[in-house]
Amino acid sequence: MSSDIIPAALSGFIIKAGFSKKGRLYTREHHDIMQCILFERPSSLIYPTYFIMPLYIPCSTRYLTYGRRISEITNGRNSKQIDVDRLINALQKEVLPFFERIAAPQLLMEYLLTARDVQRYFFCPPVRIAMLKAYTALYLHDRSLFSRMAAETGQLIPADRCSSEAVARRMHAELEVLKAQARLSDAELAAFFAHRNHPARCTHRALSHAAARQYISMIEGVHHVPSDIVLPRRTGCRPIPSGNRPTGRHILDRKCRRSAAFHDRSCAGQNVH
């Protein structure tokens, strides 16, 4: 699908803020955190969406877990055409300041631990937030904090009603691997996090650590396989054909969206046009 749904004035504003453009996706890297703005179009409507991808979380696909549609934090409406002035105003007042609040892993950790609006900006189940805390604490080599965050995650996994049993098992396995990594020396732990073929960077260099390659294979699907997300059976929650988008999307009512994240499986932007 063409990216000409994005008006030139809006695109220019985002690029001027330091983002690079690839189709309908804009990305900006800050201290191992990729900040993203995506213009989804799963139907006739356009959904401007922001999200972050911490580059220290190994993965092989692009996902939207840690973010939200912009209209949902501004009480706006999505439409077939973008209201440039309204969206630029939302970016200036909401999205870009939020990105600055979490522009580095340390800032992100402080935000996750102290802010009261985490669920407002990260529209995903609490277990995903807990896992992000655990990853970030370990990346910062704060093993004491990691131990507490890992315990919190372990408690939330069996209570999570948004994922299937298969995903819950993979999250548990993922957490156990992180606990094992926490016992490594600082140098070995740094090597584990030193992978550089993250899809947000869209490079193809091999991971610098063999364990990370095996690790990615093990946790594939935890964040970003839509079929593993159990959608509540409520009125207004129905799958729709995805056209030429192989990922599949869902039209969800507001209550249903509280229980599922929207994901994109693109590795090099081929599904984000």
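The model is predicted: local features need pLDDT of at least 70 and side-chain atom pairs pLDDT 80 or more, while totals for chains, interfaces and linings use all residues. Residues are numbered from 1 along each chain as its sequence is written, and side-chain values use heavy atoms, without hydrogens and water.

The protein chain has 11 helices and 7 strands, taken as DSSP runs numbered from the N terminus (helices H or I, at least four residues; strands E, at least two). Of its 273 residues, 52% count as buried, that is, under 20% relative accessible area with a 1.4 Å probe, protein chains only, where exposed is over 50% and partly exposed lies in between.

Two packed helices are described by the angle between their axes and the distance between the axes. For helix 6 (residues 126–139) and helix 8 (residues 165–182), the axes come within 11 Å and cross at roughly 15°. Helix 6 is therefore roughly parallel to helix 8, a term for angles under 35 degrees. The contact joins V127, R128, M131, Y135 and L138 in helix 6 to V167, M171, E174, L178, Q181 and A182 in helix 8. These residues divide into 8 nonpolar, 1 polar and 2 charged.

P7 lies in the segment before helix 1 (8–16). P7 counts as partly exposed because its relative accessibility is 25%. Beyond its neighbours within four places in sequence, P7 is in contact with I82 and V84. P7 and Q81, 74 residues apart in sequence, are 9.2 Å apart in space, C-alpha to C-alpha.

Note on methods: Axes fitted to C-alpha atoms, helices over the stretch in contact; angles between N-to-C directions. Parallel < 35°, antiparallel > 145°, perpendicular 65-115°, else oblique. Contact = heavy atoms within 4.5 Å. Nonpolar A, V, L, I, M, F, W, Y, C, P; charged D, E, K, R; others polar.
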